[in-house]
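Hi everyone, thanks for making the time. I'd like to walk you through one chain and then turn to the partner it sits against. Let me put it up on the screen.

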Amino acid sequence: MAEGGAQVFLDSSSGEPVLPDALAAWQVAASSGWGDPLRLHRAGRLAAQALDSVRERVAAHVGARPDEVVVTGPLAPTAQAAVAGLARGRRRVGTTVVTSAVEHSAVLAAAAAGGEHVVVGVDALGRLDLGAWSEAVARPGVALACLQVANHEVGTLQPYAAAAEACRAAGVPLVLDATTALSRLDTTDLGAWSVLVGWAGAFGGPASVGFMVVRRGTRWRAPYPSDDYQQGRWPGVIDVPAAWAAAAALDAAAGERAEVAERQRRLVDRLRQEVAVRVPDVDVVGDPVERVPHLLTFSALYVDGEALTLELDRAGFAVASGSACSASSEHPSHVLAAMGALTHGNVRLGLTRTTTEVQVEAFLDVLPGVVAEIRARLGAG
Amino acid sequence: MTAGAVALTLDCTGQRCPRPIIEIGRRITEVEVGQLVELLADDPAAKPDVAAWCRMRGQELVSSEPPRFLVRRTR
């Protein structure tokens, strides 16, 4: 057991633990910025001011204008709003939605909910087939396309700028999912996207807050009944203290990006190299260089992901897995399957901003024995 | 039907991954190099995992038509 019984949390891919700065910001905002921002009284004005500040700060991180920022909810409803709103705005053009094969399941679900869903494949590293993408978005009847900046499971960076350029050339609006990239990469110049989505839980903000940034001039139409909040772009009163905390988390995480990313990159390099050396028959996946700093995914032959996750948990390490049965799904990770990677025995590590070298070395010391023990139990040792 | 007769059939129908992969990993040595193993596996993970196993272990995936997979022992 590592560190005197405290579990080492290596699952930031499901959400970064809430940052102290975000918690402090929430407490301040909850005592002064709790009003309804549409009201004219003092509490309402304070909340409206706080919201304006949130939009300004988020806009600065993504190279947008403050009035383009919409405060939303978790990624699933945010992605649905982005996709359905563009589909509505473009319904005279067509109903086809083009995505990569490795988008977040929330984005794939949103894309599949409309008309025809065209899925563009990836290579063994998880990188988009840019040629196939450019052809797909240029066909007649394409309403919109969706692409991530970086993959949320294996960390591989997508050719998002070139993909966005292909969309622009074809006159097709692009939904860019910046969830995995926000605060971890410089996201101020991500290319010619039309709508950008992100989720605060990924960078240490409240899990209830997301963002949808709709560039001016984009034909996006609210796919639900509108009200007076946020110019009719996202209905319902806004949890301003949570939005304030999200902006504080983004500022804090981006502010320490250089230092944290450098450390995480080094630790993931170490993990990548040592996992392959210490564990026989292991498939370490994703791009080793062109990637976000904090993610590493690998699969061990002849091991089931559920047992691996549970045994690592017992040994003091919280990890995720893309194997079937080890998450909430009967099916293995669509990302691993699309890459041609092994899907059973999968471990997804997401380093947090406080993950240390000592913790990484402790994980590397424990992993080979855990894998060997499960293999022996399954008769594959 | 691909060239060459099946030398060994492993029926792993109803088994969850990694069971079918463990099975072929353990029993492929029962056939000679160059011979074919037929694996029957209906787990949704079998398609990517049989292909990944062949790549990792240097075996040849002759056909992948779930629930039927043909693998040639090459080493």
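So, let's start with the sheet in chain B. This is a predicted model, and in it 4 strands of chain B form an open sheet, ordered β1-β2-β4-β3, with mixed pairing. At the edges you'll find β1 (6-11) and β3 (60-65) of chain B, each of which pairs on one side only. From one strand to the next, the twist averages 20°.

Now have a look at β2 and β4 of chain B. Strand β2, residues 36-40, pairs with strand β4, residues 68-72, in the antiparallel sense, over 5 bridges.

On to the helices. α1(B) packs on the sheet and touches β1, β2 and β4 of chain B; its direction makes about 150° with that of β1(B). α2(B), meanwhile, lies across β2, β3 and β4 of chain B, running at about 170° to β3(B).

And which residues meet the partner chain? Here, 15 residues of chain B are in contact with 22 residues of chain A. On the chain B side, α1 (19-27) and α2 (46-57) each supply at least two residues, and α2(B) gives the largest share, 6 residues. By class, that side of chain B has 11 nonpolar, 1 polar and 3 charged residues.

Last, a word on confidence. Chain B averages a pLDDT of 94, with 96% of the residues scoring at least 70. For the complex, the predictor gives an ipTM of 0.93 and a pTM of 0.95. Thanks, and over to you!

Conventions:
Residues are numbered from 1 along each chain as its sequence is written. Chains are lettered from A and ligands numbered from 1 in the order in which they are written. This is a predicted model: local features need pLDDT of at least 70, side-chain atom pairs count only at pLDDT 80 or more; totals for chains, interfaces and linings use all residues. pLDDT is the predictor's confidence in each residue, from 0 to 100. Two residues are in contact if their C-beta atoms, placed from the backbone, lie within 7 Å. Ala, Val, Leu, Ile, Met, Phe, Trp, Tyr, Cys and Pro count as nonpolar, Asp, Glu, Lys and Arg as charged, and the others, Gly among them, as polar. Two strands pair if DSSP finds at least two bridges between them. Axes are lines fitted to C-alpha atoms, for helices over the stretch in contact, and angles run from 0 to 180 degrees between N-to-C directions.
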